[in-house]
Amino acid sequence: MIVRKKVGVVYFSKTDITAQLVNSFIEGVDGNNQIEIIKQRVSGKDIVEGRYVNMKAIDSLTSCDAIIFATPTYMGGVSAQLKSFLDATSELWCKQLWAGKFAAGITCGSALNGDQSSTLQYLITFANQQGMLWLGLDTPFGYTDEPVNRLGCQLGVTAQSDGEMASKEDLNTARYLGERMATIVGKN
């Protein structure tokens, strides 16, 4: 019997740029039809008095082999919406239920240097607290036929957009990370 691998994606997106990046990441993972995707979008109805309350969504990720976290960068950090989700996982931390799973991050800001790497560093700290294994990028900008990692951050996908669409290079980077995650998850 073949056991299907699972990749979870948890994200918040206000302007839809982060959602575009998430969809490109999923396209990269989808190239490997042996991997199931569990997609969880954090919404306002899931947050009551500042606390994320949709424990069913959190529980659905426990069976995943990898979990990707995606958020816009607001004021140099994760959005309050995603932070409420992350805070709600503290009981998982106590039991280390996500230990050994792969993790990665995606973020977007409106400035070229909008402190997106600070957001990824927060997500890396969170993943390490959960006992997860962080997967970053393994390619600098300009060294592949298809341009990826235009902002040069190895921690994960950093994107910049001051409009309604993510750039082609940033979408390529998210897709590339999805392909990389599928390869890593498929080997383990």
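At 2% relative accessibility, Asn 149 counts as buried, where buried means under 20% relative accessible area, exposed over 50% and partly exposed in between, with a 1.4 Å probe and protein chains only. Asn 149 sits in the loop between strand S7 (133–134) and S8; helices (H or I, at least four residues) and strands (E, at least two) are DSSP runs, numbered from the N terminus. Its phi is near 60°, a positive value in a residue other than glycine.

Gln 96 also has a positive phi, near 55°. This glutamine belongs to the loop between helix H4 (90–95) and S6 and is partly exposed, with a relative accessible area of 33%. Most residues other than glycine have a negative phi.

## Basis of the model

The model is predicted: local features need pLDDT of at least 70, side-chain atom pairs count only at pLDDT 80 or more, and totals for chains, interfaces and linings use all residues. Residues are numbered from 1 along each chain as its sequence is written, and side-chain values use heavy atoms, with hydrogens and water left out.

## Overall fold and dimensions

The protein chain contains six helices and eight strands. Their order along the sequence is β-α-β-β-β-α-β-α-α-β-α-β-β-α. Of the contacts with a separation of 6 or more, 76% join residues 24 or more positions apart; a contact means heavy atoms within 4.5 Å.

For 188 residues, a compact globule would have a radius of gyration near 16 Å, and the 15 Å of the protein chain agrees with this. The radius is taken over C-alpha atoms, and the globule rule is 2.2 Å times the number of residues to the power 0.38. Along the principal axes, the C-alpha atoms fill a box of roughly 45 × 40 × 25 Å.

## Surface and charge

Buried residues make up 48% of the 188 residues. The accessible surface comes to about 9100 Å², of which 51% belongs to carbon and sulfur atoms; accessible areas come from the Shrake-Rupley method with a 1.4 Å probe, and for residues only the protein chains shown count as cover.

There are 17 positive and 19 negative side chains, and the centres of the two sets lie 6 Å apart. Lys and Arg count as positive and Asp and Glu as negative, while His and the chain ends are not counted. Each charge is placed at NZ of Lys, CZ of Arg, CG of Asp or CD of Glu.

## Nonpolar cores

The largest nonpolar core has 29 residues, and those with the most contacts inside it are Val 7, Leu 21, Phe 25, Ile 68 and Met 181. A nonpolar core is a set of buried Ala, Val, Leu, Ile, Met, Phe, Trp, Tyr and Cys residues joined through side-chain atoms within 4.5 Å. At least two residues of this core come from each of strand S1 (5–11), helix H1 (17–30), strand S5 (66–72), strand S6 (102–109), strand S8 (157–160) and helix H6 (168–187). H1 gives the most, with seven residues.

A second, separate core has 25 residues, including Phe 12, Tyr 52, Leu 82 and Ala 88. In soluble globular proteins, nonpolar side chains tend to be buried together.

Val 7 lies in strand S1 and is buried, with a relative accessible area of 0%. Not counting residues up to four places away in sequence, its contacts include Phe 25, Ile 35, Ile 68, Met 181 and Val 185. Cys 64 is 57 residues from Val 7 along the chain, yet their C-alpha atoms are separated by 5.4 Å.

Leu 61, in the loop between helix H2 (55–60) and S5, is likewise buried at 0% relative accessibility. Leu 61 and Val 7 are 54 residues apart in sequence and 8.3 Å apart in space, C-alpha to C-alpha. Beyond four places in sequence, Leu 61 touches Gly 8, Val 10, Ile 38, Gln 40, Ile 67, Phe 85, Trp 98 and Lys 101.

Gln 40 is found in strand S2 (residues 35–41) and is buried, with a relative accessible area of 19%. Leaving aside neighbours within four places in sequence, Gln 40 is in contact with Val 9, Val 10, Tyr 11, Ala 57, Ser 60 and Leu 61.

Gln 160 lies in strand S8 and counts as buried at 15% relative accessibility. Among the residues that Gln 160 touches, not counting those up to four places away in sequence, are Cys 108, Ser 110, Gln 116, Arg 150 and Asp 170.
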